[in-house]
Amino acid sequence: MSVPRLVVAAPSSGSGKTTVATGLMAAFAARGLAVSPHKVGPDYIDPGYHALATGRVGRNLDAYLCGPELVAPLFAHGARGCDLAVVEGVMGLYDGAAGEGELASTAQVAKLLRAPVVLVVDASSQSRSVAALVHGFASWDPEVRVAGVVLNKVGSDRHEALLRDALDSAGVPVLGVLRRAPQVDTPSRHLGLVPVAERRAAAVEAVEAMAAQVAEGCDLEALAALARGAGALPGAAWDPAEAVAGPVPQTWPGPSPETGPADPSGPPGRSRPRAADGPRPRVAVAGGAAFTFSYAEHGELLTAAGAEVVTFDPLHDEHLPDGTAGLVVGGGFPEVYAAELSANEPLRKAVAELALSGAPVAAECAGLLYLCRELDGRPMCGVLDATARMTERLTLGYRDAVAVSDSVLATAGTRMRGHEFHRTVVDPGAGAAPAWGVRAPERRLEGFVQQGVHASYLHTHWASEPGVARRFVERCLTS
């Protein structure tokens, strides 16, 4: 496929990538273009702002979690039918997974996508030195095409003139100049930007301000032309239905009007498949302000495997969706909403009863905390005999993991890569049947497997192991 595309990168974090990338998305969308938003790395928060800017779901491109071979197919899947794609980078252009060279860096993703890079430079404390900086980034890796610069936090007309004069010799065109504009700042806290779900009205205003600033300060025509210069990508787009090999066959335990008597040719006790149009197992997925971290592909894989995915909000809904056969509770900020989650006692009891019934429950990070007995002294669901609390220490990084116990997600021995990002601890850190054996930064057992529950700090991307979704739906049908 050939979708016009740009990668927005920077020399370091804090340079203004999110402002420029989100502003470009919104500015192009305001011109009537269908814009596909993407984010390099495991970040869940920026894609929420991207979705506001474009009206399309924000998607992540992570060469560590999914493997380099899936970056282009996942991009093509998300960008299908779009006029233009904008990819926001992570950290500095060449920063990737620790000790892994270029793996998971913005530079690697740009090469995999054959996309030009627009470098956002915080110019607030430099003038002529900007040319040396840009020259260094543009020449470091000949396979990375740094095709333009956006100068951010420029102080005055004279400052802009000095920067442009210096960059004349660097051979990289200036495609935009943004002045200091505190009105586009977005608030942060212990794990980064405050998610859109917690400040939607203010987030809409912030995105509108970003769009206005970028439209005024950047050459949108030149940027669009640059995007159109990206060549075709080889290979097919990722397809969730192909990834899970189609929906899981549904079976009756005995005779039924839809299928007739049990198949006499099959082994004793085995029934024939249910009709293809039979009801799908309902998988409830936690959402709302407390549970904002998820990858769009997870829901797509569950749906492709035959499930009906329904979102609910643990802050407000007192009951699980009717007919819930399985539960997914992803990441987010339960520590911020511990009082409200604890006060919703009817839902806590419903979750505990579902888990006790043996139904499949998959919980990651925030979901793990929610299933504990208590969080910061407040009662939670009590599914796990463990307590959770906030700490000052940030746990952050990619992890190599192997499944230790058979679970609703994986058989023991399954290898996956994940990511941790939290300022909480759970005591104990692992149950009698741990979820994962984790390598890096130290070898340890982590998480809990009990009955149908799989709970862990580890965020994983199911596109890397689509059998996870299929196995989960199978358990929804048999539990």
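Reader: Which residues have the most contacts inside the largest nonpolar core?
Author: Leu93, Leu113, Leu151, Leu223, Leu302 and Phe472, in a core of 116 residues. A nonpolar core here is a set of buried Ala, Val, Leu, Ile, Met, Phe, Trp, Tyr and Cys residues joined through side-chain atoms within 4.5 Å. Buried means under 20% relative accessible area, exposed over 50%, and partly exposed in between, with a 1.4 Å probe and protein chains only.

Reader: Which helix gives the most to this core?
Author: Helix α1, residues 17-30, with seven residues. Helices (H or I, at least four residues) and strands (E, at least two) are DSSP runs, numbered from the N terminus.

Reader: Before going on, what kind of model is this?
Author: This is a predicted model, where local features need pLDDT of at least 70, side-chain atom pairs count only at pLDDT 80 or more, and totals for chains, interfaces and linings use all residues. Residues are numbered from 1 along each chain as its sequence is written, and side-chain values use heavy atoms, with hydrogens and water left out.

Reader: Fine. Overall makeup: how many helices and strands?
Author: The protein has 14 helices and 22 strands. Of its 479 residues, 56% are buried.

Reader: What share of the contacts is from residues 24 or more positions apart?
Author: They account for 74% of the contacts with a separation of 6 or more.

Reader: Give me a specific pair. What is Leu368 in contact with?
Author: Leaving aside neighbours within four places in sequence, the list is Ala363, Leu384, Val426, Phe448, Ala455, Ser456 and Tyr457. Leu368 lies in helix α13, residues 366-371, and is buried at 1% relative accessible area. The C-alpha atoms of Leu368 and Ala455 are separated by 5.2 Å, although the two are 87 residues apart along the chain.

Reader: And Gly67, where is that?
Author: Gly67 is in the loop between β3 (59-61) and α3 (71-79). Gly67 counts as buried because its relative accessible area is 11%. Its C-alpha atom is 7.2 Å from that of Ser464, 397 residues away along the chain.

Reader: Now the backbone. Which peptide bond is cis?
Author: The one from Asp427 to Pro428, with omega near 0°. Pro428 sits in the loop between β17 (415-427) and β18 (436-439).

Reader: What is phi of Met91?
Author: Near 50°, a positive value in a residue other than glycine. Met91 is in the loop between β4 (84-88) and α4 (106-113) and counts as partly exposed, at 36% relative accessibility.

Reader: And phi of Lys153?
Author: Near 60°, also positive in a residue other than glycine. Lys153 is in strand β6, residues 146-154, and is partly exposed because its relative accessibility is 31%.

Methods
Contact = heavy atoms within 4.5 Å.
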